[in-house]
Amino acid sequence: MPPPPHRRRPAFPFVFPQENSTVLPDPSAFFSTALLSSPLPTNSFFQNFTLKNGDQPEYIHPYLVKPTGSALSVSYPSIFHNSAFTYQVFNADLTLSAAAPSAADRHVITSFNDLSVTLDFPSSNLRFFLVRGSPFLTCSVSGNTPISISTIHAILSCSSPTNSLNKYTVKLNNNQTWLIYSSSPINLTHTTSSITSAAGFSGILRIAILPDESDPGSESESVLDRFSSCYPVSGEAILSKPFSVEYKWEKKGWGDLLMLAHPLHLKLLSGDDCDVTVMEGLKYRSMDGDLVAVAGDSWVLKSDPVSVTWHSIKGIKDNGYNEIVDALRKDVDGLNASAIATTSSYFYGKLVARGARLALIAEEVGFPDVIPAVRKFLKETIEPWLEGTFNGNGFMYDGKWGGIVTKQGLTDSGADFGFGIYNDHHFHLGYFLYGIAVLAKIDPAWGRKYRPQAYSLMADFMNLGKRSDSSYTRLRCFDLYKLHSWAGGLTEFADGRNQESTSEAVNAYYSAALMGLAYGDTHLVAIGSSLAAMEIQAAQTWWHVKEGDTIYATDFTAENKVVGVLWASKRDSGLWFAPPEWKECRLGIQVLPLLPITEVVFSDLKFARELVDWTLPALGREGVGEGWKGFVYALEAMFDKGSALEKTKRLNGHDDGNSLSNMLWWIHSRDDEGGCEGGGGKFCWFGHYCH
């Protein structure tokens, strides 16, 4: 295929200077030519299908799906677990291909959307509609093509129950039972390892497994039979209202559509706004919790609303003001842009956001004297990155995939934690957006001058549009099916995408919402707040491991209060930078940066106490960093303010994105009585008047 064309930089909106990367993979290997002229996803649920040989599996709920050459394998994964990690095991339960495949054939991505991706095998006349949450694997066969379905197991039987030749029941020696549906009669025969069609076939094939607890003829099978004739070919998620997302599927065939909902879907599914029926009789196991069948052509999901605020939610107690002001004087006196040694976009961004916090704390305690010095620091640190004059690094535009990269990342895939290959974009840019939002608030003239650059940084990971002339892909990091972000970038991983820090993801969308407040952009406020709210609820569902939770196996739940790195098909207790035993790091990476919205992330005070109690013994280990201790004490302040304050005053240092001023601000804005156990309340005052 010809090399992908470089997209022309439009004059408006602003785009950073374009440069060619030597480390990015070539997208033309797997994307159709028609897609190459538009920005492409770099953290998507199907990213493995675009990298290297495109043959690593991806989790398309409820199946692991793996293209290999001219065939597509599907696995209903078993779940391995112990106290350190849990993961889904891929076995090629069934592999579908043409009976006489072309050796040179391999998949081509011909379309994709928020909830779906379409894979074509052109020489084999096969098209797979991979729609997330479909209990069926759906394949369109054209050209009167003979079909082959093979397995690594032994086939015990393959029979058409009614001899209609439109449905077959396949039993394997691993106790699995699969159902094969066809839109027109197909004559299938089998050996111990493969099933083939006696003649060519054109039409739709749908394959579904009967869940473990189901037997042929059970309620599960009758539900699958009933909905087998209606199939989705694509699905999109629409963010048309604050704190709400609507799923709409393009469907074909006849009858109603059957999809599967994960636990957070079920929690947010609004029966008042869509015509759906939850069918508890059909469930599939999943690492994300049971997937439950839902009948309905569209869903509406509503999250708890979150009010994005500049300052603390509950206010600072009077007896804390003087202590915070004293700390502010010292922290602001220490601001010195010229003394910053790092050129890393991540660590530099954290220093920018740290400085910006000081201005907002000063506002809240009524100490404006230090704000001019903070304004000077923010200008001196942010402007060089926006103007392209920063010495040693800077933001550039990559036209191959369509997005921002760094100068260092143009030639080094490991620089800036992989920012140049689209890793961690929302983390890095979120810190810069926080600084920009604060500076635009306290210096509106500056904000107006640099608004084009500010919005370009935001759009890199928060663009909602799908236009081909856009500079950026749609929601680079946020997954509208899982309702949280991914951070893996263009690296092939056997377990799919991953994310470590949910709190830094929340910070990205929170900071974008603050930027909307600074610029009077109500749409940006609404979208940033909505994504932050959903990210928070996903973190509370899958990263926060509470007593009595049933999503994960008991051995994993008993030993872990937070997931270290969450992968599409794996949960790991370790971090990228620390082993599982460093519990203070595992807690801290889910807390930092410490912000007003942190209170919403840890609104369940009972869990905050569980997490701190689980972590505190680790602080006795030699070599524990002072910065990590600070985040433990911050959570402790939610239920024991006095103890946390005493411990904080004994710290010899803080995380590079934190400060003594910020710690004291947090502690003195906690309830003296420790708040309300069980938490989970709404953090949106107007919500009380909207029922």
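Good morning. The model is predicted, so local features need pLDDT of at least 70 and side-chain atom pairs count only at pLDDT 80 or more, while totals for chains, interfaces and linings use all residues. Residues are numbered from 1 along each chain as its sequence is written, and side-chain values use heavy atoms, with hydrogens and water left out.

I begin with the sheet. Eight strands form an open sheet in the order E7-E8-E9-E10-E17-E14-E13-E12, with antiparallel pairing. Strands here are DSSP runs of E with at least two residues, helices are runs of H or I with at least four, and both are numbered from the N terminus. Two strands pair if DSSP finds at least two bridges between them. At the edges are E7 (108-113) and E12 (155-159), each of which pairs on one side only. From one strand to the next, the twist averages 20°. Strands E10 (residues 137-145) and E17 (residues 201-209) run antiparallel and are joined by six bridges; in one of them, Ser 140 has Ile 204 of E17 as its partner. Helix H1 (residues 219-227) packs on this sheet, touching E13 (167-172), E14 (177-182) and E17, and its direction makes about 20° with that of E14. Contact means heavy atoms within 4.5 Å. Axes are lines fitted to C-alpha atoms, for helices over the stretch in contact, and angles run from 0 to 180 degrees between N-to-C directions.

I turn to the aromatic rings. The structure holds 42 aromatic pairs. Rings of Phe, Tyr and Trp (its six-membered ring) pair if their centres lie within 6.5 Å; planes under 30 degrees apart count as stacked, over 60 as edge-to-face and the rest as tilted. Trp 385 and Phe 432 make a tilted pair, 5.1 Å centre to centre with 55° between the planes. Trp 385 lies in helix H5 (residues 371-387) and Phe 432 in helix H6 (residues 425-442), so this pair ties together parts 47 residues apart in sequence. Both residues are buried, meaning under 20% relative accessible area with a 1.4 Å probe, protein chains only.

Finally, the cores. A nonpolar core is a set of buried Ala, Val, Leu, Ile, Met, Phe, Trp, Tyr and Cys residues joined through side-chain atoms within 4.5 Å. In the largest, of 156 residues, Tyr 247, Trp 299 and Leu 457 touch the most other members. H6 gives the largest share of this core, 11 residues. Apart from it lies another core of 68 residues, including Trp 178 and Leu 224.

Definitions and conventions: Buried means under 20% relative accessible area, exposed over 50%, partly exposed in between (1.4 Å probe, protein chains only).
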